[in-house]
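Hello,

Here is the structure I promised to pass on. My notes on it follow below.

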Amino acid sequence: MKNRADYVIIGGGVSGCSIAYNLAKNGAKNIVVIEKKYICGGSTGACGAGVRMQWGTEMNCKLSKFSIDYYENAAQALDYADGIEFKQKGYLLIAATNSEFDQFKKNVVVQKACGIPSRIVSKEEAKELAPHLNTDMIVGGAFCEKDGFLNPFKTTDAFYRAAKRLGVEFYPYTQVTGITVENGRIKGVDTTQGYIECPVVVNCAGGFSADIAKMAGVTIPVKRERHQILVTEPVTPVQPAMIMGFKLNIYIQQSLHGSFIMGRNNLNEATDGRVTSTWQFLDEMSKTVDTLLPLISKLRVIRQWAGLYAMTPNRQPIYDKAQEVEGMYLACGFSGHGFMFGPVTGVAMADMILGLTPTIDVAPLGLSQFSDKSTLVIEPAVV
Amino acid sequence: MRIEEHPILTFERGKELTFYLDGEEMKGYEGETIQAAIHANKVKLLGYSSELKRPRGFYCAIGNCSSCMMTVDGVANVKTCTTLLKEGMRVETQKDKGVLR
């Protein structure tokens with residue numbers, strides 16, 4: 001292991017790999033990535049694999065549009081022969097109440113202004129898009145045909161390999177145990193494999209980013225919560241689009257392989273970092289599917305897993321440097337959407353760290369977005 | 001093949017049933033699984049693997065391996081090794097992952 005580096009990135013998920021790649025691409029040297037488990041072993045590897053542009057805040061719309069545009073050509077850009085299995089089959093958002101439908105209408109206005117091809121759909125159109133949907137439970141919906149899904153493992157691997165080719169060193173199964181700060185500056189990182197002296201640390205540790213920040217005396221408004229998922233046996237494709245409802249509390253997608261991947265949230269989810277599965281989730285999920293998508297309730301469940309959402313007060317990510325110490329950069333608090341924002345995270349953070357002209361303006365996503373609670377713009381579209 | 005005589009076990013077969021495998025009429029007995037009846041009718045090919053399209057046959061016989069999944073009366077992915085045979089059942093081999101109906 002190196003004992004000195006210019007940049008230490010903490011977290012080997014899509015964000016860490018994308019930041020490493022973009023730093024190296026812009027000519028930065030001596031970059032290391034430290035990952036507690038294996039590359040893609042945290043929340044990226046546990047995510048639902050969907051990517052969408054249908055958001056309620058302008059910033060989230062811009063970040064996701066940038067990322068989806070990138071994902072369209074990512075395999076070529078990253079020279080990844082395997083491909084990342086990106087399929088744009090759309091996201092059908094379903095509104096259970098008139099107020100939720102009104103929110104969708106407001107969101108579509110924001111999305112349109114960002115150049116996102118989303119539209120409001122009636123109950124009848126929703127039925128055409130998803131014939132097995134019980135439309136008695138909805139009042140309407142929204143659809144964006146450019147939304148879709150891709151393989152999180154292959155995508156992260158594509159960034160990882162591209163970064164490696166550019167000289168980035170990766171240390172999997174290495175845990176950060178402390179961060180040394182001297183005179184208000186980052187001096188180095190203690191890990192289970194040794195000490196690395198470095199002036200810059202990039203914190204993209206997902207559900208553990210607040211703990212990492214704390215090691216340097218930095219407080220960030222990021223709270224983790226467990227989110228659970230289950231997957232069914234595979235069948236011949238019947239549902240091209242992701243179906244997602246916020247009031248109904250469900251997202252459900254048929255994967256390329258034919259299995260259905262679905263999840264929902266629970267306000268009482270564990271916040272201690274555990275990623276175990278519960279029978280309560282299986283029970284709640286099954287009941288929702290049974291009424292909303294009765295056809296799919298016939299399928300067997302193959303397995304369950306869980307990952308961590310790193311929530312911020314407004315469900316928008318943080319791209320900034322820490323105030324308390326010099327040298328710690330923050331790319332965290334993705335609020336369940338870090339995989340979707342992977343490409344933009346890498347570009348925006350590399351620009352910020354290297355002091356380049358910003359490719360995309362992410363200034364509104366600094367820590368100051370949380371300083372005045374009365375002006376906080378809260379993302380409404382989160383499951 | 002059916003075991004007719006066994007040193008320890010005795011077989012009390014139920015009444016004879018008629019079922020159809022890919023449209024072909026076959027006989028089985030009440031109380032036996034679909035797979036037991038198919039096997040006794042000397043059919044070994046039950047379907048094809050979904051990725052590589054290789055032939056699949058009877059394997060674990062206890063509902064674990066998914067090798068014997070067939071479409072029964074229109075329902076896909078039925079584990080025929082643990083499902084009992086019924087009169088008039090229509091069993092079909094699956095060439096793919098099964099169609100949800």
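**What turned up**

In this predicted model, the largest nonpolar core has 124 residues, and A:Val8, A:Ile9, A:Ala20 and A:Val202 touch the most other members. By nonpolar core I mean a set of buried Ala, Val, Leu, Ile, Met, Phe, Trp, Tyr and Cys residues joined through C-beta atoms within 7 Å; buried means that 20 or more other C-beta atoms, placed from the backbone, lie within 10 Å of the residue's own. At least three residues of this core come from each of domain 1 (7–47 + 153–222 + 314–375) and domain 2 (88–146 + 226–309) of chain A. Those bounds are from an automatic or database domain assignment.

Apart from it there is another core, of 15 residues, including B:Ile38 and B:Cys68.

On the domains of chain A: the C-alpha centres of domain 1 and domain 2 lie 30 Å apart. In contact here are 8 residues of domain 1 and 8 residues of domain 2, contact being C-beta atoms, placed from the backbone, within 7 Å. The side of domain 1 that touches domain 2 has 3 nonpolar, 5 polar and no charged residues. For these classes, Ala, Val, Leu, Ile, Met, Phe, Trp, Tyr, Cys and Pro count as nonpolar, Asp, Glu, Lys and Arg as charged, and the others, Gly among them, as polar.

Between the chains, 8 residues of chain B are in contact with 8 residues of chain A.

Residues are numbered from 1 along each chain as its sequence is written, and chains are lettered from A in the order in which they are written. As the model is predicted, local features need pLDDT of at least 70 and side-chain atom pairs count only at pLDDT 80 or more, while totals for chains, interfaces and linings use all residues.

Best wishes

Definitions and conventions. A residue is buried if 20 or more other C-beta atoms lie within 10 Å of its own, exposed if 12 or fewer, and partly exposed in between; C-beta atoms are placed from the backbone. Two residues are in contact if their C-beta atoms, placed from the backbone, lie within 7 Å.
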